[in-house]
Each structure stands twice: as C-alpha cells, then as structure tokens.
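Subject: Structure handover

Hi,

Here is the structure I promised. Please look it over before reading my notes.

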Protein chains: 2
Amino acid sequence: MADDPLVRKHSGDYHWQGVDVLKYKQDGTAPFRDVTRQVLFDSADPPAQLRYFEVAPGGYTTLERHEHVHSVMVIRGHGQCLVGEKAFELGTNDLVSVPPMTWHQFRAAGDEPLGFLCLVASNRDRPQLPKAEEVDSITKPLKTGSPPTRG
Amino acid sequence: MADDPLVRKHSGDYHWQGVDVLKYKQDGTAPFRDVTRQVLFDSADPPAQLRYFEVAPGGYTTLERHEHVHSVMVIRGHGQCLVGEKAFELGTNDLVSVPPMTWHQFRAAGDEPLGFLCLVASNRDRPQLPKAEEVDSITKPLKTGSPPTRG
C-alpha cells in the first residue's frame, strides 16, 4: 500500500487494487482456520487501521483477548461470534464491539464466507490465548460445539 | 448510543438497532442535498468515529476541505466523488482516501442511493467551504455539470 492512491477500486470478490491478501497470523502462533487479512486503511490520524478479514466457510478466528478494542462490521456472509459470555448470530451489516480483555472468536457458517471490517488502534497490545483447559468453558455459549484448540 | 451493546443488528435498509439517523449537518450551514448520517462506532482508542452516510439519488455532500483525512468505503449503490483535481466513478466496496486540505464531494447516481462508511479522528478541524466564485473551477472534473452552490 506504499503508493496510497486516492481511490482503490474493488476488483471483485472482496479484493482491492493494490491491497495485498495477507496471512491472518503467522502459522503456528495461534489456533485458527482459513482466515485472510487485508489492510484497507492505515491511518496516522486517527492512529488506526481498518482491516478486512475473511473467514472461509467452516473457518474461525483465534479465540483470544487483549486490552485493545475491536469495532467490527460484517460486510459479507454470515456466521457467529463469541463476545465474552455470549454468542451471537451474525449477518451482513451487523456491528460488533469487543470490549477490552474480553474473549472473542468469529466463525463462518458452513455455506459461505464470513467477511468483516475491523477497526483497531495502530498501537495495540498482543492477544492473549486461553489455556487449553479453559477453551471448553469459554466457548460454551457457541452452539456449534467446542472449537479445536489448534487450527 | 449510550447503551453500547456488544452487537447491533442491522435492522434492514442500512439502519441499525439503537443507531439514530441524524441530519448530515445543521440546515443552512453548508450546501448539500439529501444526506443522512449515522454514527456506527465512537471509539476512545483509537480516538475515531466510523460513520455511515447515505446520499439519496441525485443528492450530494458538501464541497469542502479540512486538515483531517477521510477514509471512505462505499457499501451501497454507486455515484461519483471529487478528490482534489480528479473525479472518480464509485461503486460498492470501492475505497477513497481524502488527504488533508483537499476539496472533495460525494454525489449519488440518479437511480439509487450512495451509502458509504467514513472513518475520521474524533478530534478534528471544521470544514472550509469554497467561495462561490471558486466552485465552478473546483468541480470542473465532475462530469455531471456544476453543482449548486446552495443545497
């Protein structure tokens, strides 16, 4: 995104001109399945990034928590999220706020990708992962059964 | 948005539970036509707001400039934008960056609304308006003719 043009056209299928499709995280650093990351805006003022994450059908993001907050808007597909002690069904255009130090995870439905925008501070703390023995109780509100502890 | 729930469901037609549809600006403060504003996220860290603006068919935002930047993503419909000395055709999912002190305006097509997300710093300067005699030359790149100087 070094060129920073005024307009980046959507080139179809949730890809954009000049925006790289990145790994969600480095392999092996945390459990997840089938997630990509694209940085749509990287702003100095506000010191914030707007990212687009896409979770393939049946995939899920890492179960984690951190001090920084997430402001999320679903723009593709549907699925579920866990935020703290509650699970929510998510559809396109729904908004999610993840407060500080709150366990959270996003899961795509089985039949289509779940794509969402996520606004975060540029300077933010690293996620914490649950201990293996904590995962079942944290994810209990999700209806689709216990998530894998390794992706 | 005082209650700040974890999830705000999209209630259809680009309205959200608990999100007020606001005037774009106070009447008479600046020229515009048929624009509404909704604050989807009002974040302390990053100190930023994510707003949803909707321009009705044939409507347009104020022609203005300011020090703060706009990071914009179209999520509904199509239209045009002016950014500095260029006009761009816009469709759904296109991204627009408005640099500091750059004249800009968003216009909806005649056949459907133009809806877009706009990320801004919470603490930002007030927009500047062009002088009446400057409008024609600033908006020359737009194909649809000179915009009105009063909305």
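Below are my notes on the model, the contact between its chains and its core.

This is a predicted model: local features need pLDDT of at least 70, side-chain atom pairs count only at pLDDT 80 or more, and totals for chains, interfaces and linings use all residues. Residues are numbered from 1 along each chain as written, chains are lettered from A in the order written, and side-chain values use heavy atoms, without hydrogens or water.

Interface first. Chain A brings 38 residues to the contact and chain B brings 37 (heavy atoms within 4.5 Å). About 3200 Å² is buried between the two chains, 69% of it from carbon and sulfur atoms (accessible area lost by both parts together, 1.4 Å probe). In chain A, the residues losing the most area to chain B are A:Leu6, A:Phe41 and A:Leu95, together 23% of what that side buries.

Two salt bridges link chain A and chain B (Lys or Arg side-chain nitrogen within 4 Å of an Asp or Glu carboxyl oxygen). A:Lys9 forms a salt bridge with B:Asp94, with the closest N and O atoms 2.5 Å apart.

Now the core. The largest nonpolar core has 26 residues (buried Ala, Val, Leu, Ile, Met, Phe, Trp, Tyr and Cys joined through side-chain atoms within 4.5 Å; buried is under 20% relative accessible area, 1.4 Å probe, protein chains only). The residues with the most contacts inside this core are A:Leu40, A:Met73, A:Leu117, B:Leu40, B:Met73 and B:Leu117.

Best wishes

Methods: Buried means under 20% relative accessible area, exposed over 50%, partly exposed in between (1.4 Å probe, protein chains only).
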